[in-house]
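Welcome, and thanks for taking a look. Here is a short tour of how some parts of this model pack together.

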Amino acid sequence: MIEFQNVSLVYPNGTQGLKDINIKINQGEFVVIVGLSGAGKSTFIRSINRLVTPTDGALLVDSNDILRLKGKELRKLRTKIGMIFQNYNLVRRSTVMKNVISGRLGYTGTWKSIFNIFSKEEQLLAYENLKRVNIEEKLYNRADELSGGQQQRVSIARVLTQQPKLILADEPVASLDPPTSHQVMQYLKQINQEDHITTIVNLHFIDMAIEYADRIIGMRAGEIVFDGPASEVTEKTFEEIYGRSIREEDKRGGGEIDG
Amino acid sequence: MAKNVEITLPTKPRSKWTLIKRIITLIIIVWIYIWTISSVTIKWDVIFSSRTMENFDRIIPRFFQPAWQETSSIFGKMFETIFIAYTGSLAAAVLAVPLAFLCATNIVRNKFLNNIGMWILGAVRAFPEIILAIIFVAAVGPNAFAGVLAIAIGSTGMLGKLYAEVIESIDMDIMEALEASGANKLQILFYGILPQVLPEFLSYAIYRFEIDVRASSVLGIVGAGGIGTLITFAYMNRNWEEVGMILLVIIITVTIIDQISGFIRKRLV
């Protein structure tokens with residue numbers, strides 16, 4: 001469970017990233033955060049694993065206040081939080097296997113990892129996770145030989161190898177075409193349902209948000225302006241969140257394509 | 001319908017100052033040129049005198065009658081030269097790594113430490129190899145080891161600067177991803193940074209080895225081992241046939257090494 005208690009974040013240049021956020025996210029929920037760019041979606045998600053540090057309040061992850069943790073304790077908690085990025089963030093020159101096994105680094109001693117020593121179980125875990133996203137045949141390929149969608153699937157496998165309780169995805173489909181976007185979202189949804197991993201995804205496509213989310217949180221100017229089950233959300237809700245009428249570019253489309 | 005409006009470019013802003021600055025720059029450049037030429041007293045009459053021509057006639061053809069009988073001893077020294085270059089550039093390729101990380105502003109976020117690193121590399125680069133060789137010959141005696149040290153120190157300056165540029169151009173997002181998964185700083189170095197930079201490090205090191213083969217060919221002139229020693233002896237004895245043979249060996253070897261290293265470097269990155 002994640003709980004924001006009066007969390008605020010002011011960047012050094014004075015920009016207010018988050019304004020007095022109070023919210024609870026329950027174990028196993030599939031939450032989609034929507035909002036225009038600059039609304040604070042990224043700041044919200046990155047606060048949860050402390051890639052950015054809120055300046056005020058308390059943020060409980062698994063009943064630890066992540067804002068009070070540092071060094072080893074912070075790294076230990078981070079192993080339980082997987083993260084997926086817009087640009088996949090794989091080491092392009094390394095093999096798929098090496099990228100995926102790097103999900104185990106938080107559990108591995110420094111010396112063992114330097115000499116690339118991972119247990120048989122860990123290697124099998126990495127392989128199993130590649131199988132789950134159907135990309136196991138690329139095991140020994142270099143990451144830069146893969147297409148964008150394939151790279152994002154590898155990054156999902158990397159996150160799974162972390163065996164997280166929580167997955168954060170920061171605009172995971174923004175660099176992908178519509179069919180690939182749906183494929184990636186379907187994998188995320190499937191993992192959420194099968195493993196009961198809490199999943200928080202930033203999106204700005206309203207049709208995808210409605211299709212995949214259990215719960216939608218709308219943000220504008222660092223504040224939460226909407227919070228409710230996806231079933232209650234209509235285009236009208238989005239117009240309120242965005243503060244303007246809905247345009248064609250707010251939709252990804254291609255929802256009928258099944259992967 | 002498009003209206004028939006005449007399109008004109010906005011006039012380029014032009015101030016008198018730019019013109020004056022250009023004229024002053026031109027005058028300064030011309031003046032430096034005249035000054036340098038007049039101060040190095042070129043004796044045009046000597047250059048085109050019959051004596052110069054005779055000397056050329058006498059010496060140049062002897063270059064083209066290489067002393068084949070010296071082949072084995074020359075090749076022996078050529079191999080020594082390559083070994084000096086290899087050992088020296090290998091040492092530099094390793095020494096340059098920590099200095100490069102110290103200089104890279106995206107890794108060490110401390111201007112003061114960056115500047116220290118830059119200062120060390122700059123100071124090292126300021127010495128020509130031949131001067132370093134003279135210093136090390138004085139320190140460790142006239143042998144190949146002095147040459148290795150000279151090459152190692154001389155190459156560290158350039159490699160460190162090039163490595164630092166490679167490190168500064170890496171994709172930092174990967175480090176964020178590893179950090180988010182709970183990896184520590186050393187693990188981020190080995191899984192996020194090194195895979196990105198090592199191929200380019202290696203490529204630059206090989207390129208530097210190429211340069212070092214040429215550089216170590218002349219180190220022997222000051223007694224730091226290698227084929228340069230032979231050049232000095234042959235030259236002092238006015239043995240132009242042997243100088244010709246040495247040059248031939250150097251040219252062939254350097255060309256072969258250039259080709260090989262070019263081939264390897266193309267496949268690396």
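## A helix pair in chain B

At roughly what angle do the axes of helix α4 and helix α5 of chain B cross? In this predicted model, the axes of α4 (residues 71-103) and α5 (residues 111-125) of chain B cross at roughly 135 degrees. They come within 7 Å of each other. Angles over 145 degrees would count as roughly antiparallel and those from 65 to 115 as roughly perpendicular, so α4(B) and α5(B) are oblique to each other.

Which residues meet here? From α4(B) come B:Leu99, B:Leu102 and B:Cys103. On the α5(B) side they meet B:Leu113, B:Asn114, B:Gly117, B:Met118, B:Ile120 and B:Leu121. Sorted by class, this contact of α4(B) with α5(B) has seven nonpolar and two polar residues, with no charged ones.

## The open sheet of chain A

Over in chain A, six strands form an open sheet in the order β6-β7-β8-β3-β9-β10, and the pairing is mixed. Its edge strands are β6 (81-84) and β10 (223-229) of chain A, each of which pairs on one side only. From one strand to the next, the twist averages 15 degrees.

Strands β6(A) and β7(A) (residues 166-170) run parallel and are joined by four bridges. Within this pair, A:Gly82 stands opposite A:Ile167 in β7(A). A helix also packs on the sheet: α9 (residues 235-242) of chain A touches β3 (30-34), β9 (215-220) and β10 of chain A. The direction of α9 makes about 165 degrees with that of β10(A).

## Two domains in chain A

How is chain A divided? The domain assignment gives domain 1 as residues 1-80 + 169-259, and domain 2 as residues 88-163. Taken over C-alpha atoms, the centres of these two domains of chain A are separated by 25 Å.

Where the domains of chain A touch, 11 residues of domain 1 are in contact with 10 residues of domain 2. On the domain 1 side, α2 (71-78) and α7 (178-195) of chain A each supply at least two residues. The largest share of that side, five residues, comes from α7(A). By class, the side of domain 1 of chain A that touches domain 2 of chain A has five nonpolar, four polar and two charged residues.

Definitions and conventions: Residues are numbered from 1 along each chain as its sequence is written. Chains are lettered from A and ligands numbered from 1 in the order in which they are written. This is a predicted model: local features need pLDDT of at least 70, side-chain atom pairs count only at pLDDT 80 or more; totals for chains, interfaces and linings use all residues. Axes are lines fitted to C-alpha atoms, for helices over the stretch in contact, and angles run from 0 to 180 degrees between N-to-C directions. Angles under 35 degrees count as roughly parallel, over 145 as roughly antiparallel, 65 to 115 as roughly perpendicular and the rest as oblique. Two residues are in contact if their C-beta atoms, placed from the backbone, lie within 7 Å. Ala, Val, Leu, Ile, Met, Phe, Trp, Tyr, Cys and Pro count as nonpolar, Asp, Glu, Lys and Arg as charged, and the others, Gly among them, as polar. Two strands pair if DSSP finds at least two bridges between them. Domain bounds come from an automatic or database domain assignment.
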